[in-house]
Amino acid sequence: MFDEVFSAFLELTENSFQLISLLFPYAPTPTTRRRDRASATLSSIFAEIVRSRKSSNRVEEDVLQNLIDSKYKDGRPTTEAEVTGLIIAIVFAGMHTSTTSSTWTGARLLSHTECLEAALEEQQQIVKKHGDNIDYDTLLEMSFLHCCIKEALRMHPTAPIFLRKVRKNFTVRTREGYEYEIPSGHTIASPLVINHNIPYIYKDPNVYDPHRFGHGREEDRVGGKFTYNAFSGGRHACPGEAYAYLQVKVIWSHLLRNFELKLVSSFPETNWLKLSPEPRGKVEVSYKRRMLPRSMLEN
Ligand code: HEM
């Protein structure tokens with residue numbers, strides 16, 4: 001099942017992320033057909049799992065169970081199609097975002113010797129303290145690696161723009177004192193690619209500088225709680241944020257500890273034609289095995 005699910009998700013992702021799919025989601029193109037076929041395959045696999053969970057009368061403590069047991073305000077239970085749709089949506093929301101973020105973090109780290117050394121130094125300190133075991137608590141101690149990921153996401157957010165429907169009229173006041181009435185019913189676009197590069201908030205916004213989030217600078221708080229938005233904000237903020245950081249830290253702490261890495265290709269350009277902008281072309285890395293954990297323990 002794993003292979004089948006994985007290939008279907010890959011097919012779904014590859015055929016959903018073109019900007020054109022946002023503008024014309026039902027255009028009769030080969031891409032749309034491939035996307036819908038992959039979605040149908042996943043739906044039938046997950047529907048089978050939902051059915052088997054329901055008929056077994058087994059109750060687990062997991063996301064699937066939560067979705068099956070959820071009820072609308074009027075008491076109506078979720079349907080099988082809704083549960084499978086939501087499961088696909090959750091995996092879809094977490095998969096491409098995490099891979100792209102891991103790639104950008106690596107490309108940035110390997111292009112900045114000073115940051116790479118600082119990230120490596122942090123790993124050395126953690127290995128000295130805890131050995132080469134990586135668990136939840138050691139991952140939380142990787143604060144510099146955390147800032148490296150956060151800074152990569154500031155420069156390369158997976159969602160370049162947020163759209164929100166206005167429910168009530170409100171007024172926006174700019175720094176210069178201009179006021180704008182925003183009427184209900186309108187759609188607001190908040191461009192993250194601009195918000196994350198405002199120079200009076202982020203010093204030298206074009207420079208990769210994970211220290212900007214460190215103690216004493218905390219540039220992500222300069223403009224209030226929505227200054228840093230890589231995981232969005234408000235009611236529909238990303239529920240996977242903490243888990244996403246853990247995943248990317250697992251990947252990069254393992255790579256830093258075990259390999260000497262060099263970026264062989266030039267720093268990738270951004271492919272803006274994708275809904276979630278990703279590196280254009282290949283990001284190539286050369287690697288040499290190092291036994292960092294053990295040798296560090298001996299020092
Ligand atoms: C580095 C990785 C990730 C990034 C950068 C990211 C970013 C985001 C952003 C920006 C949004 C909000 C979009 C909007 O406001 O229109 C969002 C929503 C969401 N994310 Fe993530 N995400 C990541 C990983 C994950 C993971 C691992 C999961 C689940 C396991 C997840 C689940 C979701 C879900 C379910 C939503 C929709 C929330 C809602 O509409 O109420 N994300 N994510």
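Q: What is the average pLDDT of the protein?
A: The protein averages a pLDDT of 92. Of the residues, 97% score at least 70.

Q: Where is confidence lowest, and where is it highest?
A: Confidence is lowest in helix H11, residues 292-298, with a mean of 56. Helix H8, residues 143-155, has the highest, at 98.

Q: How should I treat places where pLDDT is low?
A: Predicted coordinates there should not be read in detail.

Q: OK, the ligand now. How many residues surround the ligand?
A: There are 20. The closest are Ser 101, Arg 164, Ser 232, His 236 and Cys 238.

Q: And which pocket does the ligand take up?
A: The ligand's space is the largest pocket.

Q: Which element gives the most to the shell?
A: Helix H5 does, with five residues. H5 spans 80-111. Strand E1 (161-165) and helix H10 (241-258) each supply at least two residues as well.

Q: How do the shell residues divide into nonpolar, polar and charged?
A: The shell has 10 nonpolar residues, nine polar ones and one charged.

Q: Which side chains have a polar atom by an oxygen atom of the ligand?
A: Arg 164 is one, with a polar side-chain atom 2.6 Å from a ligand oxygen. For Ser 232, a side-chain N or O atom is 2.7 Å from a ligand oxygen. For His 236, that distance is 2.6 Å.

Q: What about the iron atom? Which protein donor does it have?
A: Cys 238 is the only one, through SG at 2.3 Å.

Q: Where is Cys 238 found?
A: Cys 238 is in the loop between helix H9 (192-195) and H10.

Terms used. Residues are numbered from 1 along each chain as its sequence is written. This is a predicted model: local features need pLDDT of at least 70, side-chain atom pairs count only at pLDDT 80 or more; totals for chains, interfaces and linings use all residues. Side-chain values use heavy atoms; hydrogens and water are left out. A residue is near a molecule or strand if one of its heavy atoms lies within 4 Å of it. A polar contact is a pair of N or O atoms within 3.5 Å; within protein, one must be able to donate a hydrogen and the other to accept it, and residues adjacent in sequence count only if both atoms are side-chain atoms. On a 1 Å grid over the protein atoms alone, a cavity is a set of points where a 1.4 Å probe fits but cannot get out, and a pocket is an open set with protein on both sides within 12 Å along at least five of seven lines; lining residues have an atom within 4 Å of a point. A molecule sits in a cavity or pocket if more than half of its atoms lie within 2 Å of its grid points. Helices (H or I, at least four residues) and strands (E, at least two) are DSSP runs, numbered from the N terminus. Ala, Val, Leu, Ile, Met, Phe, Trp, Tyr, Cys and Pro count as nonpolar, Asp, Glu, Lys and Arg as charged, and the others, Gly among them, as polar. Donors are N, O and S atoms within 2.8 Å of the metal (3.2 Å for Na, K and Ca); water is not among the atoms, so sites may look incomplete. pLDDT is the predictor's confidence in each residue, from 0 to 100.
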